[in-house]
Amino acid sequence: MAMLNRRALAMLRAVGAGRAELTCSCEPDLRVDGLPCCDQSTAHELARAGLIRPARVVAVGQWARAELTDDGQRALGGTLAAA
């Protein structure tokens with residue numbers, strides 16, 4: 001993911017703020033504040049790019065808190081602004 005648009009950055013900030021969950025799957029879905037994310041294709045891209053991941057291993061299809069990877073933190077410039 002070369003350039004991150006505002007929506008992708010907002011999704012990263014929500015993950016960094018502890019407000020997001022991912023499903024455990026090859027194409028993980030994202031929820032923010034308990035609500036399904038409106039752009040699951042971007043959520044999939046963020047996961048494939050290695051910017052977000054589940055914080056713990058769960059069964060396939062189950063939800064886990066999402067967390068930023070080191071690359072995800074770098075994509076935000078190392079700072080977490082309010083989402």
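**Helix, strands and a buried threonine**

Mentor: In helix H2 (residues 40-48), the buried residues are Gln 40, Thr 42, Ala 43, His 44 and Leu 46. This is a predicted model, in which local features need pLDDT of at least 70 and side-chain atom pairs pLDDT 80 or more, while totals for chains, interfaces and linings use all residues. Residues are numbered from 1 along each chain as its sequence is written, and side-chain values use heavy atoms, without hydrogens and water.

Trainee: Why is Thr 23 called buried?
Mentor: Buried means under 20% relative accessible area (exposed is over 50%, partly exposed in between; 1.4 Å probe, protein chains only). Thr 23 has 8% relative accessibility, so Thr 23 counts as buried.

Trainee: What does the side chain of Thr 23 reach?
Mentor: The backbone nitrogen of Asp 29, at 2.8 Å. Thr 23 itself lies in strand S1.

Trainee: How do you know that S1 and S5 pair?
Mentor: Two strands pair if DSSP finds at least two bridges between them. Strand S1 (residues 20-23) and strand S5 (residues 63-68) have three bridges, in the antiparallel sense, so they pair. Leu 22 stands opposite Ala 64 in S5.

Trainee: Which residue of S5 is the bridge partner of Arg 53?
Mentor: Glu 67 is the partner. Strand S4 (residues 52-54) and S5 run antiparallel, joined by three bridges.

Technical notes. Helix = DSSP H or I, 4+ residues; strand = E, 2+ residues; numbered from the N terminus. Polar contact = N/O pair within 3.5 Å; in protein donor to acceptor, adjacent residues only side chain to side chain.
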